[in-house]
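Below are some notes for a colleague opening this structure for the first time. They are meant to be read alongside the sequence and the model.

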Amino acid sequence: MKWFGNVMTARRSWKPLLIAALVIVMLALAWLPTGDLDPEQRSNKPFLHVTYTIDAASEAAAKGQLEDVAFDIQQRIEQRHEWRLSETPEPRAWQLTVQVSSAAMLVLNGELQAPASNATDGSVQRFKVQGPADSYAALPEQYVKILIQLVENGHKTQSSL
């Protein structure tokens, strides 16, 4: 009998463990996000919606190269972790229009529109990357670097308002 002790003593020793388990469960439930938050409130990353256009006035041979450049830009944008891509235009998402054209030089035009918030209207920033036709590999990389800087700086500015 002494080895196992009193049954009442055994029940009392479980009480602190049950209370601790209950507190842990309550903390876990309080820490989980609730369903009433908007997606932009659940994430610190900005949303980005991208539209691609290719200059239709280009020759057929050059048009294939322009499609390759647009595809390269698309792949680079999708691989970045600075933002979350949005399939459809949404009020909370940055709107990017990528225009790829070529005459004597390869030209990558970008128009980035910031999402409109209650405090500010959505601003529009235009940027251009251009270079000789044989620099197809370097220009998309430069284009995405500029885009990253614009989105990060704009997102920091909007977050601080």
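1. Start where serine 102 stands opposite leucine 106 in strand β4. The strands here are β3 and β4, and a hairpin joins β3 to β4 through two residues. Eight bridges join β3 to β4, which covers residues 105–113, and the two run antiparallel. Please keep in mind throughout that this is a predicted model.

2. Strand β3 also pairs with strand β1, residues 47–54. Eight bridges join β1 to β3, and here the two strands run parallel. One place to look is tyrosine 52, whose bridge partner in β3 is valine 98.

3. How much of strand β3 is buried? Eight of its 10 residues, in the run 93–102, are buried, so the strand is largely enclosed by the rest of the structure.

4. Next, valine 124, which is found in strand β5. Valine 124 and leucine 112 are 12 residues apart in sequence, and their C-alpha atoms are 5.6 Å apart in space.

5. On aromatic residues, a search of the whole structure finds one aromatic pair. Phenylalanine 127 and tyrosine 143 form this pair, which is tilted, with 5.0 Å centre to centre and 40° between the planes. The pair links distant parts of the chain: phenylalanine 127 is in strand β5 (residues 124–132) and tyrosine 143 is in helix α4 (residues 138–160), 16 residues apart. Both phenylalanine 127 and tyrosine 143 are buried.

6. A charged residue over a ring is a separate item to check. Arginine 92 lies over the face of phenylalanine 47, at 4.4 Å from the ring centre.

7. Last, glutamate 82, which is found in the loop between α3 (60–79) and β2 (84–85). Why does glutamate 82 count as buried? Its relative accessible area is 13%, and the limit for buried is under 20%, so glutamate 82 is classed as buried. The side chain of glutamate 82 makes a polar contact with the side chain of arginine 80, at 2.7 Å. With neighbours within four places in sequence left aside, glutamate 82 is in contact with Lys45, Pro46, Ile148 and Glu152.

Technical notes. Residues are numbered from 1 along each chain as its sequence is written. This is a predicted model: local features need pLDDT of at least 70, side-chain atom pairs count only at pLDDT 80 or more; totals for chains, interfaces and linings use all residues. Side-chain values use heavy atoms; hydrogens and water are left out. Helices (H or I, at least four residues) and strands (E, at least two) are DSSP runs, numbered from the N terminus. Buried means under 20% relative accessible area, exposed over 50%, partly exposed in between (1.4 Å probe, protein chains only). A polar contact is a pair of N or O atoms within 3.5 Å; within protein, one must be able to donate a hydrogen and the other to accept it, and residues adjacent in sequence count only if both atoms are side-chain atoms. Contact means heavy atoms within 4.5 Å. Rings of Phe, Tyr and Trp (its six-membered ring) pair if their centres lie within 6.5 Å; planes under 30 degrees apart count as stacked, over 60 as edge-to-face and the rest as tilted. A charge sits over a ring if NZ of Lys or CZ of Arg is within 6 Å of the ring centre and within 35 degrees of the ring normal. Two strands pair if DSSP finds at least two bridges between them.
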